[in-house]
Amino acid sequence: MLALAVSGKITGSDLDAIMTRLDSAMARHEKVHMFVETRTIDGIELSGLPAYTARAMPLFGKLNRFGRVAIVADQAWIRLASRLESAILPFISYRVFEPDQRAEALAWVDPAKTQSGA
C-alpha cells in the first residue's frame with residue numbers, strides 16, 4: 001500500500017515525488033493500493049502540471065495494476081473531484097472518506113486485511 005499525505009499548495013516537486021513513489025511501488029508489486037489523505041489543499045502549482053502529466057500518461061496502460069484507492073479529504077471539492085476521477089477510471093476501486101472516517105478508510109484499503117477477509 002502506498003500512503004500519501006498532502007496539504008497546502010501542491011508543487012511540481014510534490015507531484016514528482018508522488019510519481020517516483022508510485023513508480024517504485026509498481027516496480028515491486030503487481031497491485032498497488034493507495035491511501036491518500038489531503039488536508040486543506042490551497043491549490044496546485046500550474047508550472048508543475050506538464051511534467052506530471054507526461055509522467056502520468058503511461059499509467060493509463062497500467063490501470064489494472066491499481067487495487068483499492070482510498071481518499072480521505074477535509075474539503076468537499078477534493079471529495080467531489082475524487083468521485084469524478086473514480087467515474088472516469090471505472091477499473092479502479094475508489095472510495096472517498098471524510099476525516100472522521102480515516103480508520104475506516106485505512107481498514108478498507110489495507111491489502112492484508114482484504115486478503116484475510118477482515
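Biologist: In what order do the four strands form the open sheet?

Modeller: This is a predicted model, where local features need pLDDT of at least 70, side-chain atom pairs count only at pLDDT 80 or more, and totals for chains, interfaces and linings use all residues. Residues are numbered from 1 along each chain as its sequence is written, and side-chain values use heavy atoms, without hydrogens and water. Strands are DSSP runs of E, at least two residues, and helices are runs of H or I, at least four, numbered from the N terminus; two strands pair if DSSP finds at least two bridges between them. Here the pairing is parallel, and the order is 1-2-3-4.

Biologist: Which are the edge strands?

Modeller: An edge strand here pairs on one side only. That holds for strand 1 (2–10) and strand 4 (93–97).

Biologist: How many bridges join strand 3 to strand 4?

Modeller: Strand 3 covers residues 66–73 and runs parallel to strand 4. Arg 68 stands opposite Ser 93 in strand 4. The bridges joining strand 3 to strand 4 number five.

Biologist: At about what angle does helix 3 run to strand 4?

Modeller: Axes are lines fitted to C-alpha atoms, for helices over the stretch in contact (heavy atoms within 4.5 Å). Angles run from 0 to 180 degrees between N-to-C directions. Helix 3 (residues 76–88) lies across strand 2 (32–44), strand 3 and strand 4. Its angle to strand 4 is about 165°.

Biologist: Which residue has a positive phi although it is not a glycine?

Modeller: Most residues other than glycine have a negative phi. The exception asked about is found in strand 2, with a phi of about 45°. The residue is Thr 40.
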